[in-house]
Amino acid sequence: AGGGDLAVAFLWNDPDAARALSAALRREGFTPISLAVAPRGAETLCESISGSISLPLPAAAPSPAAAPGVAPSSRVAGFYKLAVAERRRLLAERLGLSASDLAALDGGLDAETADHLIENVVGTFALPFGLALNFRVDGRDVIVPMAVEEPSIVAAASYAARTVREAGGFRTEVDPPEMIAQVELRNVPDLAEACRALEGARGAILDLADRAQPNLRLRGGGCRDVHVRVLDSTTLCVHLVVDCRDAMGANLLNSMAEAVAGRLAVLARAEAGLRILSNLCDRRLVRVRCEIPARLLGDAERQGQEVLEAIVAASRFAELDPYRAVTHNKGIHNGVDAVVVATGNDWRQVEAAAHAYAARRGRYAPLAVWTEEPTGVLLGALEMPLAVGVVGGSLRVHRTAQLALRILGVQSSGELAAVCATAGLATNFSALRALATEGIQRGHMGLHARSVARSAGAVGPEVDDVAEELAASGDVKPERAAAVLARLRAART
């Protein structure tokens, strides 16, 4: 290849094997360039133009999880009833995790490492890390990690996913990972002439931007287009449209904007102003759909068609009223943000983009709507911008975020974005169903009661006993919990 020998290796997802292979290749006179990781079970193959070599590699332990190339099932009956240690054991068995892998669930970030992430560090802040189950996304089972402090979100996502699973699962569509870097040009003497000059230099601008991030081109990304926008009588804004591949893209976008700013100012005979990415990633949209027959919506108290119509009416309320739409979208972000945080991504950016997109037509609107199809099924459809990454940022050092991606089994930013948005549609469905039927507080307060019981000092089985009585009484307060706990303990003595 290029005048020399080429060795290609396919190996198990095993870092030790990768290192052993690299060392062996070097001993044989080869210069390893990259190692491709194939699904577990692939045979090791090293070929060169002049011949082949056979290298012994560490044997891969058989996986107790799914068959090769098949994602483990996301259906785990009774998972919520297990103790934390049992849940961890089951997760390890499903995904083939080691004790070292599981250790990342105990925080994943020490104070010393945190001190290199932000300034003036004095410690770290923990959030509950849970698993939403039952998800089937584009025909693949997905166990969805969530980092969130609010009770009921994980349970609501799992409930919705189970319902949708019975109807065939969620379907997604993800745009290419294109983002915008902006360069502001001030004091432009002639807008028309400046626009012609900038548009005429499109090729040179693209090349200059790409030279600022050469590795991005090697990964198949790069600057794709240049757009010029007139903001007022003396101000232009140049947009660089950049394919960020599997990164969220903030740093590389800012670098590109800085690299081209001087050249753009010369072309426009203007002064370069701000040079920074735009977090309104409206070229990087995710769409999620699901269809649920009415028969899956009923319960002991209500017919399925009645529930379907109630959900449609609740969705319509959000379309009509921005005050309701904000709360509707907050319910979507309950799911989206929990996955974004768990995977070490920037939830603030995700929120800002989504709310701007919701108001793109001049009136704040819901990101997801629910309608009844002519066939009588409930159709849920979500569309939102979502820029997330599976490389870079805190992922380099945060072990829990790394483990979250492994649990998800995603390989690209697009796959991660699809799961994040799917989680949002799931929590939205559960919220609307609760609102339209029993009311949001019944389920939410039942779970909140457990937290209150723990805060009152309940341990072990006492937690459920106290929580059950609090929820039944409707008085879910610390004082009430303390009184119930004291009475239960007195009755046992």
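Predicted model: local features only at pLDDT ≥ 70, side-chain atom pairs only at ≥ 80, totals over all residues.
Strand S7 (residues 178-186) and strand S9 (residues 235-243) run antiparallel and are joined by 8 bridges.

Zoom out and S7 and S9 turn up in an open sheet of 4 strands, ordered S8-S9-S7-S10 and paired antiparallel. The edges belong to strand S8 (222-232) and strand S10 (271-278); each has a single partner strand, so one side of each has no neighbour in the sheet. From one strand to the next, the twist averages 20 degrees. Then there's helix H9 (residues 250-268), which lies across S7, S8, S9 and S10 and runs at about 35 degrees to S7.

## Sheet S6-S11-S13-S12

Another open sheet is built from 4 strands in the order S6-S11-S13-S12, again with antiparallel pairing. Here strand S6 (171-174) and strand S12 (368-372) stand at the edges; each of them has a single partner strand, so one side of each goes without a neighbour in the sheet. The twist in this sheet averages 15 degrees from one strand to the next.

At the S12 end, S12 pairs with strand S13 (residues 377-385) in the antiparallel sense, over 5 bridges. A handy spot to check by eye is Val-369, which stands opposite Ala-381 in S13. Helix H14 (residues 413-436) packs on this sheet and touches S6, strand S11 (285-293), S12 and S13. The direction of H14 makes about 45 degrees with that of S11.

As a quick reminder, strands of a sheet pair through backbone hydrogen bonds, and they can do so either parallel or antiparallel. Both of the sheets described here go the antiparallel way.

## Cysteines

How many disulfides does the structure hold? The count is 0. Take Cys-244, which is in no disulfide: the nearest cysteine sulfur is that of Cys-281, 9.8 Å away. Seen from the other end, the closest cysteine sulfur to that of Cys-281 is the one in Cys-244, and 9.8 Å is too far for a bond, given that a disulfide needs the two sulfur atoms within 2.5 Å.

Are these two cysteines buried or exposed? Cys-244 is buried, with a relative accessible area of 1%. Cys-281 is buried as well, at 3% relative accessible area.

Terms used:
Residues numbered from 1 in each chain as written. Heavy atoms only, no water. Buried < 20%, exposed > 50% of the residue type's maximum accessible area, 1.4 Å probe, protein only. Pairing = 2+ DSSP bridges. Helix = DSSP H or I, 4+ residues; strand = E, 2+ residues; numbered from the N terminus. Axes fitted to C-alpha atoms, helices over the stretch in contact; angles between N-to-C directions. Contact = heavy atoms within 4.5 Å.
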